[in-house]
Amino acid sequence: MPKIKKEKQNKFYVTTPIYYVNDVPHIGHAYTTIAADVLARYFRMMLGGDNVYFLAGTDEHGAKIAQAAEKNKMTPQEFVDQKAAQFQMAWDRLDISNNDFVRTTEKRHEKVVVDFMKQLKSAKTPLGNDCLYESEYEGLYCVACEAFKTETELVNGKCLDHNKECEKVKEKNWFLRLSDYAATLKDLIEKGELNILPEARKNEVLGLIKVGLKDVAISRQNVKWGIQLPFDKEQTAYVWVDALINYISALGGTKGKLYKKFWPADVHLMAKDILKFHAVIWPALLLALGLPLPKLIFAHGFFTIDGQKMSKTIGNVINPDELVTKYGADATRYLLLSQFGFGTDGDFSRERLNNIYNAALANELGNLVSRVVAMNEKYFESKVPEANANGDKYFAFDLKTDWERYDFFMKSLKFDEALGVIWENIRKANMYIDKEKPWELAKSDKHQLADVIYNLLETIRQAAIMLIPFMPQKADNILEVIGFDAEKEKEKKPSDLREWGRLPEGQKTKKAEALFPRLT
Ligand code: MSP
C-alpha cells in the first residue's frame, strides 16, 4: 500500500473536514479529528513542530445551518458562534493539537473565497472552455447532504444517507464545467499524482469518472446565508465550494506565508461520505486555478454503534465528552483508534469499550508501569540499576524492526497496527516478568535482577515514545514516572530517543499513580 509520500518529507500539512455546526460534536467527528491529531503529533516528532500544520474548523454557511438557526430561534451568526465554540471545546477536551481552527464565517475565509471565485470566473478548462457558465437548474436537493441529487441516488424519493425527502429546486446557478476535467482527473489519479486511499475508494472515484462527470452548480440563488459571488450579487457560493476553500484560506490564501510553506496538503482526512467532493470537485477547482493538488485523500470507513447506524432518531449518538468523562482523553483516543482498521467500516460496542479499557489499558499497560517502578523501588531504592553486558538481548534484538513497522504503519495510517506493535512489546514485557520472576532473583541473583529491571524500564520508555502521538498525556506521565522531564525528552531527535539504552543508570524513578484506574 502506498504511504503518505514517496519523496523525502520536510513538511506535513494535515486537515480534517470542517464539520457542519447544525449538529453537536459526536464521536464520528471525533474519530477523524483524533486520527488527524495522531498524524500531526507523529510528524511533529519526525520533522519538528515548525514543519507541521494541522487544520480543523467548522462549516457554517448554507441552507442546513440557516434552517437549524431558525429552529433554535437564533440569528444564523449567533447560532454558529455558539456551535463552533462547542466543537472547539470538544477538541480541547480530547487534547487535539490543531494549529488553527478555521470558521467559514470569518472575514479571512470569506475574502479568500471571493478571490477564488473571481479567478474561477476568468479561468479556462483543459478543453479551452470557460470554467463557469450560467444555467437553470431544475431538480432535487438534499439539504442534509447539502448536495444536488439525481433520481438514481434516491430510494423512494429519499436520500440514502439521511433518509430524508429532497427539496425540488428550480433556480438559476453558476455551473462548473466539471465534465471537461474528467480525462485530466482520471490520468492524475491513475498515475498516483492524486493519491486516493484506501484502494477501494480510489476505484470508487475512478468508477464515478468512468460513468461520466456532470457539471455542478457552484452557486445558489435562493440561499442567503452564504458568501455573495463577486460577479453576481444575486447568488451565494455553494456551501461545498465555500467549505473546500478553507484548506487554503486558513493558510492566508495563495499569497500567504503559510501557503508557501505548507501547500499542497499532505493529507486531507475524512470518511467515505464526502469523498466525491474532495476527490473530484476540489481537485477540479484547484486545476482550474492552476494550483497544486493535495498529495493524498484518505477516506476512512463509517462506524456503527452496537451494530446500528449512529442517528438522532435511534438515540444512540455518542458525544465525545461522555467518553472523556468516563475514560479520560487519552483512553478515549486509544479506544477509538484501536478497534478496527482506519480504512474499514467498524462497530463500537459500549460494552466492549469497557472491557478493552480494563484489559489493555488498566491491566496490560497501567499495571506494567506500576509493577516495574514498584520493583525498582523495592530492589534498587528507585534508582535505575546498572545493566550488565548482554543484558539487552531479550528486547533490543527486535527493536529496529519494531520501529520500522511502527513508522510504516503510521505513514500508512494503519493506526490499529501501530498500536499493535506497542502492545506486542507491553505484553512481551509482562511475560518477561512472569518468566524471570524478579522476586526470586532478588534472593538468588542480583546481577540478573538488575538486567531484568533495566530491560523492563527501558521497554517502558520505548513504549512511551511510541505512545506520544496516541496518548500524549499518559506518555508524558510514563516518562516522568521513569524519571524524565517529558518536555525535554520530546525535544530530542527521534534517532536519539529510539536508541536502546538511553535510560540513564542511576536516574530516579517515581511512585506511579494508577495510570488507568480500573473500571468496575
Ligand atoms: N461540512 C462537511 C465537510 C466539509 S469539508 C470541506 C461535512 N460535515 S459533517 O459534519 O457532516 O462531517 C462529515 C464527517 O464526519 C465525515 O466525513 C467523517 O469525517 C465524520 N463522521 C461523521 N459520522 C461518522 C461515522 N459514523 N463514522 C466515521 N466518521 C464519521 O460533511
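Predicted model: local features only at pLDDT ≥ 70, side-chain atom pairs only at ≥ 80, totals over all residues.
Reader: Which domains does the assignment give for the chain?

Author: The domain assignment gives domain 1 (12-300) and domain 2 (350-498). Their centres, taken over C-alpha atoms, are separated by 42 Å. To the contact, domain 1 contributes 12 residues and domain 2 contributes 15 residues.

Reader: Which elements of domain 1 give two or more residues to the side that touches domain 2?

Author: These elements are helix 1 (27-47) and strand 17 (296-300). Helix 1 supplies the largest share, eight residues. By class, this side of domain 1 has 10 nonpolar, no polar and two charged residues.

Reader: Which residues of helix 18 are buried?

Author: In helix 18 (residues 472-481), the buried residues are Pro472, Ala475, Asp476, Ile478, Leu479 and Val481. They pack against several helices, among them helix 1, helix 13 (350-380) and helix 17 (446-467). After helix 18 comes Gly483, with a positive phi near 100 degrees.

Reader: How is a salt bridge to be understood, and how many salt bridges does the rule count?

Author: In general, side chains of opposite charge can pair when their charged atoms come close. In this model the count comes to 35 salt bridges. One of them joins the side chains of Arg201 and Glu204, at 2.5 Å from N to O. Both residues lie in helix 6 (residues 199-211), three residues apart, about one turn of the helix.

Reader: Is Arg201 buried or exposed?

Author: Arg201 counts as buried because its relative accessibility is 14%, under the 20% cut-off. Glu204, at 35%, counts as partly exposed.

Reader: Where do Lys428 and Asp398 lie?

Author: Lys428 and Asp398 form a salt bridge, with their closest N and O atoms 3.1 Å apart. Lys428 lies in helix 15 (residues 415-436) and Asp398 in helix 14 (residues 393-411), so the pair ties together parts that are 30 residues apart in sequence. Lys428 is buried, with a relative accessible area of 17%, whereas Asp398, at 29%, is partly exposed.

Terms used. Residues numbered from 1 in each chain as written. Heavy atoms only, no water. Domains from an automatic or database assignment. Contact = heavy atoms within 4.5 Å. Helix = DSSP H or I, 4+ residues; strand = E, 2+ residues; numbered from the N terminus. Nonpolar A, V, L, I, M, F, W, Y, C, P; charged D, E, K, R; others polar. Buried < 20%, exposed > 50% of the residue type's maximum accessible area, 1.4 Å probe, protein only. Salt bridge = Lys/Arg side-chain N within 4 Å of Asp/Glu carboxyl O.
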